[in-house]
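This briefing is written to be read beside the sequence and the model. Please keep both open while working through the points below.

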Amino acid sequence: MINPNDFKEGELEAINNQLIKFQESPEELTESIQKYFTEFDEDKNGFLDQKELRHFLTLFFQQFHIHAPITDEYVDAMFRQIDTNHDNKIQPEELVNYAAKFVGQFSQHY
């Protein structure tokens, strides 16, 4: 899923340092996720739908060199995991909560 050879010199170390920072400072993670949320909330309704989540995942996977197909099934499964109140829309708090869990797991791969 992640191949260290895909990264430019210093890139992997920078990502690892950022993950450590996020783990040490939940406020910084929240701020970063809020920025992403605002960027990917394309219709500015305060929620992410599945189309917006797909766009987010595509760019996120590219940025972090994650090799996994982003199928309809994958987006649907991710959406259901993040949408903890099951209202069919992802609110900023839900994305922040998911990201906090994800950062811990993701940092193990770096």
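Predicted model: local features only at pLDDT ≥ 70, side-chain atom pairs only at ≥ 80, totals over all residues.

**Helix 1**

- Helix 1 covers residues 11–24, and its 14 residues reach 20 Å from the first C-alpha to the last, which is close to the 20 Å expected at 1.5 Å a residue.
- The buried residues in helix 1 are Ile 15, Leu 19 and Phe 22; seen down the helix axis they fall within an arc of 60°, so they line one face of the helix.
- Glu 13 and Glu 24 are exposed on the other side of helix 1.
- Leu 19, a residue of helix 1, has a relative accessible area of 6% and is therefore counted as buried, the cut-off for that class being under 20%.
- Between Leu 19 and Asn 85 there are 66 residues in sequence and 27 Å in space, taken from C-alpha to C-alpha.

**Helix 2**

- Helix 2 runs over residues 26–40; at 1.5 Å a residue its 15 residues should span 21 Å, and its end C-alpha atoms are 21 Å apart, which agrees.
- Leu 29, Ile 33, Phe 37 and Phe 40 are the buried residues of helix 2, and because they fall within an arc of 75° when seen down the axis, they line one face of the helix.
- The face of helix 2 turned away from that buried side carries Glu 27, Lys 35 and Glu 39, which are exposed.
- As background to such patterns, an α-helix has 3.6 residues a turn, so residues three or four places apart point the same way.

**Salt bridges**

- The structure holds five salt bridges, and three of them are described here, among them one whose two partners lie in helix 2.
- In general terms, side chains of opposite charge can pair when their charged atoms come close.
- Glu 31 and Lys 35 meet through their side chains in a salt bridge at 3.6 Å, N to O; both residues lie in helix 2, four residues apart, which is about one turn of the helix.
- Of that pair, Glu 31 is partly exposed at 48% relative accessibility, whereas Lys 35 is exposed, with a relative accessible area of 56%.
- A salt bridge also joins Lys 21 and Glu 28, where the closest N and O atoms are 3.7 Å apart; Lys 21 is partly exposed with a relative accessible area of 40%, and Glu 28 is partly exposed at 29%.
- Lys 51 and Glu 42 form a salt bridge in which the closest N and O atoms are 3.9 Å apart; Lys 51 counts as exposed at 59% relative accessibility, while Glu 42 is partly exposed with a relative accessible area of 37%.

- Asp 41 lies in the loop between helix 2 and helix 3, the latter covering 50–63, and its side chain reaches the backbone nitrogen of Asn 45 at 3.3 Å.
- Leaving aside residues up to four places away in sequence, Asp 41 touches Gly 46, Phe 47, Leu 48 and Glu 52.

**Positive phi angles in loops**

- Most residues other than glycine have a negative phi, and the two residues below are worth checking with that in mind.
- Lys 44, a residue other than glycine, has a positive phi near 55°; Lys 44 lies in the loop between helix 2 and helix 3 and is exposed, with a relative accessible area of 56%.
- His 86 is not a glycine either, yet has a positive phi of about 55°; the residue is placed in the loop between helix 4 (72–82) and helix 5 (92–107), where His 86 counts as exposed at 64% relative accessibility.

How values were computed: Residues numbered from 1 in each chain as written. Heavy atoms only, no water. Salt bridge = Lys/Arg side-chain N within 4 Å of Asp/Glu carboxyl O. Buried < 20%, exposed > 50% of the residue type's maximum accessible area, 1.4 Å probe, protein only. Helix = DSSP H or I, 4+ residues; strand = E, 2+ residues; numbered from the N terminus. Polar contact = N/O pair within 3.5 Å; in protein donor to acceptor, adjacent residues only side chain to side chain. Contact = heavy atoms within 4.5 Å. Expected span 1.5 Å × (residues − 1). Arc of directions from axis to C-beta.
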